[in-house]
Amino acid sequence: MTSTRSSEQRSRLLPAAAHLERPGTRPASPADLRSDIGPTYIANAVVALVFAATGPLAVILASSSAGNLSPAQLSSWIFAVFFLNGLLTVVASIVYRQPLGFFWTIPGTVVVGTSLRHLPWSDVLGAFVVTAVFILLLGLTGWVGKVMRLLPMPIVMAMVAGVFLSFGLGLVDSIQSAPWVALPMVLAFVALSVPGPLGRFLPPVLGTLVVGVAAVLLTGGLSTEITPGLAQPVLQTPTFSLAALTELVLPLAITVIVVQNGQGVAVLTNAGHRPPVNVATVLCGLVSLPAAALGAVSTCLTGPTNALLVASGERRRQYTAAVTCGVLAMVVGLAAPTLVTFMLAMPPAWIAVLGGVAMLKALQGAFVAAFAARHTLGALVAFLVTVADLTVFGIGGAFWGVITGYLVSRVLEPGDFETAPADR
């Protein structure tokens, strides 16, 4: 009787524990890693890391320039997103014995870049901290599924399309402003994207980067000398303002839970894995806290990286690709100052084209998801409000895009809310 009462008390005290998925098998040992790893999984890991260290890194640089961040602050940001997320990827993939690739929210980074045009950096850091706590609580309570079903995906993706649009426009503008750098990069991306052996040998974004570097060197566009250095993370003090919290917390949380984690879970599930949705959300919140202290945007279970990690090989051995990718990411994080000096030495057109081609598929996917079937009027309103960067009470367009799009769809498209959750 006492044992039963004690068990009931523990259940009431720890209601969230039931939502946290346990590993289906024992963690991988060093011997398991040695026997399971192979050239296929190492290659997948390298390609996944190259993807993260090219276009998405250019997105960080483009967004940080809006806030005039110092090289030390930018290096700390890059250290955090690679080293901390690399460590998380290694630990989670070993414990759950499946590929769980964590990096940072790319659409969230773009939202931050828009907000930095009118918000101080310390206020943005405060929003990072509150977002991390919010995501952590959602994971612990098991409300992630409810939140993902609350907002129609077309409206969320329309907001994402509005945020991503600047990268597509920057790509086109660069062809006109700096054709000798931009055109060879675009042609390389197109050539490597054509189905065939060439694109499998050299990923399009990596090929674009290499051709772009060659074009910059040939045209004498390198602005400063590239100097090597090891990371020196900078602890940064956040401040909390109502304007920043209202403008950033909800959009950042949406990009992590709905957009990025949703993509990551879908990719891994489609590959035959069973990703722990609530645990992944908790881990995103936990790691986002120290990341915020170092000036980095929120952690997520990224879709594109996990898609590359499970692109080939045996399902039971694919976790080794994630472990390898995580280790390589930690190395990249330690070399963050070298990366920063390299990126800052390149001309703006190089950054714009690299970021543009990296985001092209994401922009296409956002448009398709937003306007394919349901909630199309609400999605259109969300897109227009986001692109116009409507600012009310100091709160930027990404937030108002989601809110106005939802309200318009709720009033004028009520039938679309009667669909199954999977359609939403």
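**Secondary structure.** I counted 20 helices and 2 strands in the chain. Helices here are DSSP runs of H or I with at least four residues, strands are E runs of at least two, and both are numbered from the N terminus.

**Ground rules.** I'm working on a predicted model, where local features need pLDDT of at least 70 and side-chain atom pairs count only at pLDDT 80 or more, while totals for chains, interfaces and linings use all residues. Residues are numbered from 1 along each chain as its sequence is written, and side-chain values use heavy atoms, with hydrogens and water left out.

**Confidence.** I looked up pLDDT, the predictor's confidence in each residue, from 0 to 100. The chain averages 83, and 89% of its residues reach 70 or more. Residues 1-16 do so, with 2 contacts beyond four places in sequence. A contact means heavy atoms within 4.5 Å. Where pLDDT is low, the predicted coordinates should not be read in detail.

**Whole chain.** I get 51% of the 424 residues as buried, taking buried as under 20% relative accessible area, exposed as over 50% and partly exposed as in between (1.4 Å probe, protein chains only). The accessible surface is about 18200 Å², and carbon and sulfur atoms hold 69% of it. Those areas are Shrake-Rupley with a 1.4 Å probe, and for residues only the protein chains shown count as cover. Of the contacts between residues at least 6 apart in sequence, 84% join residues at least 24 apart.

**Cores.** I treat a nonpolar core as a set of buried Ala, Val, Leu, Ile, Met, Phe, Trp, Tyr and Cys residues joined through side-chain atoms within 4.5 Å. The largest one has 111 residues, and W77, I78, F82, W104, F128 and W350 have the most contacts inside it. Helix α13 (residues 242-270) supplies the largest share of this core, 12 residues. I also found a second, separate core of 5 residues, including A28, V90, I94 and Y319.

**Nonpolar patch.** On the surface, F371, L377, L380, L384, V411 and L412 form a nonpolar patch with about 530 Å² of accessible area together. The patch rule takes residues with over 30% relative accessible area and no salt bridge, joining nonpolar side chains (Val, Leu, Ile, Met, Phe, Trp, Tyr) within 5 Å and like charges within 9 Å. Helices α19 (376-388) and α20 (397-412) are the elements that give two or more residues to the patch. The most come from α19, with 3 residues. L380 sits in helix α19, and I have L380 as partly exposed at 38% relative accessibility.

**Salt bridges.** Side chains of opposite charge can pair when their charged atoms come close. I call a salt bridge when a side-chain nitrogen of Lys or Arg lies within 4 Å of a carboxyl oxygen of Asp or Glu, and the count is 6. R26 pairs with D32, closest N and O atoms 2.7 Å apart. R26 is partly exposed at 47% relative accessible area, whereas D32 is buried at 11%. D32 also bridges to R97, at 3.4 Å between the closest N and O atoms. That pair links distant parts of the chain: D32 is in helix α2 (residues 30-36) and R97 is in the loop between α5 (71-96) and β1 (102-104), 65 residues apart. I then checked R317, which bridges to E314 with the closest N and O atoms 3.2 Å apart. R317 is buried at 17%, and E314 is partly exposed at 39%. Shared partners join R26, D32, D36, R97, E314, R316 and R317 into one salt-bridge network.
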